[in-house]
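Dear colleague,

Please find below the structure that I am handing over to you, together with its sequence. My notes on what was found in it follow directly after.

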Amino acid sequence: MLLRLRMLAAQGVHPLDALRASRLQEEEPRDAVLESFDIEGVAKYMQASKCKNVVVMCGAGISTSAGIPDFRTPGSGLYDNLQRYNLSQPELIFDLAFFQSQPAPFYELCKELWPGTYRPTRAHYFIRLLEEKGVLRRCYTQNIDSLERQAGLSPEKVVAAHGNMDEAHVLDSVPERKVDIEDVRRAIFAGEEGWQALRQAHGGLVKPKIVMFGEDLPDRFWELQQQDLQECDLLIVIGTSLVVEPFAGLVGKAAPDAPRLLINREPAGTCEQRVFGFRFQLPEGDNWRDVWFEGGCDEGCHALAAALGWGEDLQRLESEAEAE
């Protein structure tokens, strides 16, 4: 709630006014900016408006078709799978204090998810296609698997909000001491003997720059998100439950006249759940910009590419990747 009040205050809304208002009354209805509230409507808007500042937000769902489990799906999600580590709570594997006392489970997780183990999905290549077409402003990802970069996105286009395994550092080093990521990879894959030797060599635990509970998000996230969202002309949210702050709060920061598309199997981030959330579930007149594509991430991205006439371009990117 404190984070939400701060976001509203940054947008000129007094906290007391925010507390008084119901969530459905937070935004004044506007004229519809989409011809239809579906994929075709989004595609027509992109073509007619000549979008140049598309912002993408993606979560664990975008990587499930690569074979990486998401976090919360019962029975197959990453948190359920982590039970083999005998954690009292699966979330502990991302807890900084727990890592400092028992680093082995986190290193085993890094070994399982290390970049190169999995291949990017069609949805990842769709985001790259947005960059290739010159319309992608930024891709904000919750994922630590680095598949956005592996798909070919430029470093300046990606904000890894929860970090990833592209870099590593010595924990609690001031000033920060970075460690060559290839040295870290070799140590982690060598098991406990390897990462203990790395710890001795650097005088402390070495951690890939994945954001844990108890750590702040990267400076890059805070430096870019406000202007990116204010100036975006389309927000596409792919494969996330939108429950983890502050990442989830980006949805409400999008320019009020920018269409927003959610590609997800379940509805998420609606205005009943969060400040300035999606309104696609509301009757006509109360929703002027939001679309929910109910389905898988690859399916939704393929549908949008086809509606834009980009189907062959997307297929080309996938084929080129398979040939490498």
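**Findings from the predicted model**

Glutamate 322 is found in helix α13, which covers residues 311–323. Please bear in mind throughout that this is a predicted model. With a relative accessibility of 62%, glutamate 322 counts as exposed, because the cut-off for that class is over 50%. Along the chain, glutamate 322 and arginine 119 are 203 residues apart, yet their C-alpha atoms are separated by 9.4 Å.

Strand β7 comprises residues 234–238 and is mostly covered, five of its five residues being buried. Leu234, Ile236 and Ile238 point one way from the strand, while Leu235 and Val237 point the other way; all are buried.

Two pairings of β7 may be noted. Strand β1 (residues 54–58) pairs with β7 in the parallel sense over five bridges, and within that pairing valine 54 has leucine 234 as its bridge partner. Strand β8 (residues 260–264) also pairs with β7 in the parallel sense, here over four bridges. In β8, leucine 261 stands opposite isoleucine 236.

**Cysteines**

How many disulfides does the model contain? The count comes to zero. A disulfide is a covalent bond between the sulfur atoms of two cysteines. For cysteine 51, the closest cysteine sulfur is that of cysteine 232, at 9.2 Å; this is too far for a bond, because the sulfur atoms would have to lie within 2.5 Å. Cysteine 51 has a relative accessible area of 4% and is therefore buried. Cysteine 271 is likewise classed as buried, with a relative accessible area of 1%.

**The second largest pocket**

The second largest pocket has a volume of about 710 Å³. Its lining consists of 28 residues, and those that lie nearest its centre are Gly163, Glu167, Glu176, Lys209 and Pro218. By residue class, the lining divides into 13 nonpolar, four polar and 11 charged residues.

Which elements each supply at least two residues of this lining? They are β3 (158–160), β4 (163–170), β6 (206–210) and α11 (219–231). Strand β4 gives the most to the lining, with six residues.

With kind regards

Notes
Residues numbered from 1 in each chain as written. Predicted model: local features only at pLDDT ≥ 70, side-chain atom pairs only at ≥ 80, totals over all residues. Heavy atoms only, no water. Buried < 20%, exposed > 50% of the residue type's maximum accessible area, 1.4 Å probe, protein only. Pairing = 2+ DSSP bridges. 1 Å grid on protein atoms, 1.4 Å probe; cavity = no way out; pocket = protein on both sides within 12 Å on 5 of 7 lines; lining within 4 Å. Points joined across faces, edges and corners; volume = space filled by probe spheres on them. Nonpolar A, V, L, I, M, F, W, Y, C, P; charged D, E, K, R; others polar.
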